[in-house]
Amino acid sequence: MMLGHQIAHRNVVSKYYHFKPEDLEIALEDFVTILETNKYHPTGDMFFSMLSDPTADEMTVEIYMPIEEDIFTPVLDEQMFFRSYFSITPMVMTRVIDNFNEQSQLKYWELFDFLHREGLEQRTPVFVAYKTSHSGKTYVEMSVGV
């Protein structure tokens, strides 16, 4: 666990999605397609916040993407949001390196066990960010504001 983590980006677009957990990839692809179709240019890693219990049959998330443009015109028929600056600090963060499906559940509960043991109060939903290392390996950062 890493205490002192933060998420900070400029020009962030987001959208809420509600779906079955196995359809996460479809939601992520839909979000990217909307941005690309409307000529917005991502500048960073996509991330999302889990707004529902991860063990539920359906989940609600808010997906975020930093973009190059500093002005965002809402897309017709899409309820999307724009923040010129997005920042959450301090946070507690853990990483999932391999076996994402199995390890994500384990790391999620480890995160909350750590908060409980350290007497920290959860102040945000859990954020999940897909990252790529300098060597090209994909990993996941899971964090929560405290």
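Me: Which helix holds Tyr108 and Phe112, and by about how much of a turn are they separated?
Reply: Happy to start there; keep in mind that this is a predicted model. Both Tyr108 and Phe112 lie in helix α2 (residues 100-118). They are four residues apart, so the separation in α2 is about one helical turn.

Me: Is Tyr108 buried or exposed?
Reply: The relative accessibility of Tyr108 is 10%. Buried means under 20%, so Tyr108 counts as buried.

Me: How many aromatic pairs are there, and what links Phe47 and Phe127 across the chain?
Reply: The structure holds 13 aromatic pairs. Phe47 and Phe127 form one that is tilted, with 6.3 Å centre to centre and 45 degrees between the planes. This pair links distant parts of the chain, from Phe47 in strand β2 (residues 47-50) to Phe127 in strand β5 (residues 126-132), 80 residues apart.

Me: Which element gives the most residues to the largest nonpolar core?
Reply: Good one! That core has 34 residues, and Tyr17, Phe31 and Ile63 are among those with the most contacts inside it. Elements giving it two or more residues include β1 (2-19), α1 (24-37) and β3 (59-66). With six residues, the element that gives the most is α1.

How values were computed:
Residues are numbered from 1 along each chain as its sequence is written. This is a predicted model: local features need pLDDT of at least 70, side-chain atom pairs count only at pLDDT 80 or more; totals for chains, interfaces and linings use all residues. Side-chain values use heavy atoms; hydrogens and water are left out. Rings of Phe, Tyr and Trp (its six-membered ring) pair if their centres lie within 6.5 Å; planes under 30 degrees apart count as stacked, over 60 as edge-to-face and the rest as tilted. Buried means under 20% relative accessible area, exposed over 50%, partly exposed in between (1.4 Å probe, protein chains only). A nonpolar core is a set of buried Ala, Val, Leu, Ile, Met, Phe, Trp, Tyr and Cys residues joined through side-chain atoms within 4.5 Å.
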